[in-house]
Amino acid sequence: MENEADISPVTPEPAPAPPPDVPAATPPDEAPRPEAYPFWGYADVIVFFGLAFPCLLVGALTVKLFLWVFHIHVHSLALELVPAQFLGYGFLFFALYLLLKVHYRRPFWQSLRWVETRPGLGRAVLYGFLLAFSVALLGSALRTPDIQTPMKQLLSDRASMVLIAIFAVTLGPLCEELAFRGFLQPVLVRSFGPAGGIVLSAIPFGLLHLSQYGGSWRHGLLISVAGMGFGWMRQASGSTRTATVMHAAYNFIFFAALFTQKGNLPASW
């Protein structure tokens, strides 16, 4: 008869400790914190808007140099100003692209909330039309004077009117909304709340256009009111894209009125 083998309980070996550089697992009931938005701050805003004048100046000098080298003479200031502004905006937003993409390593368009949301683009166009009529009525109530302004001088001929109209419903709203509602307003909303951020971002927007209207405070006020409308759309929809479409529709109404009135620029534009 064979001897029975001794059977004794086996003590399990202790599990190896995790390496010291491996972080502890997040408990299942603790979700990761969402990334703070906006991730840029006032220093970035100061740098961006501080670069605006140098970039526009470089754009203007580049166009003048091009015209001088190739002996091109333009009969209208708008034919020189619009390409210069186009180049200046290009330099400025290239700097913003480097800030977001290289410095912060974030996507450019998504960071500025160029996204598709509700309300749709059709409703944004409608709101732009309604805002234009509301600002026109406010301009009449304020008895905004019909004065000679630099803007009227730019619209001295049909070719200039067409060129500036195209700029005003395409590149102009795009760049202004990316700058004021896409980049500036989120920082102000974070500090002062939605209402405060919308108003505070609309004030420099109105001041930007003040020189085009000879320093008329009524024109500056009306444009600031329009900026509040665009800011409301940006805040309500969460989309700079929707605010841009609303801005383009707003400008379209005033240029349609301009062409209808055969060159008499509406006082509230």
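Reader: Is Cys175 buried or exposed?
Author: Its relative accessible area is 8%. The cut-offs are under 20% for buried, over 50% for exposed and partly exposed in between, with a 1.4 Å probe and protein chains only. So Cys175 is buried.

Reader: What kind of model is this?
Author: Residues are numbered from 1 along each chain as its sequence is written, and side-chain values use heavy atoms, without hydrogens and water. Local features need pLDDT of at least 70, side-chain atom pairs count only at pLDDT 80 or more, and totals for chains, interfaces and linings use all residues: this is a predicted model.

Reader: How many disulfides does a search of the whole structure find?
Author: A disulfide is a covalent bond between the sulfur atoms of two cysteines. The search looks for a pair of cysteine sulfur atoms within 2.5 Å. Cys55 is buried at 10% relative accessible area. The number of disulfides found is zero.

Reader: How far apart in space are Thr149 and Gly214?
Author: Thr149 sits in the loop between helix H5 (121-141) and helix H6 (150-154), buried at 3%. Beyond neighbours within four places in sequence, Thr149 contacts (heavy atoms within 4.5 Å) Gln212, Tyr213 and Gly214. Thr149 and Gly214 are 65 residues apart in sequence, yet their C-alpha to C-alpha distance is 5.3 Å.

Technical notes. Helix = DSSP H or I, 4+ residues; strand = E, 2+ residues; numbered from the N terminus.
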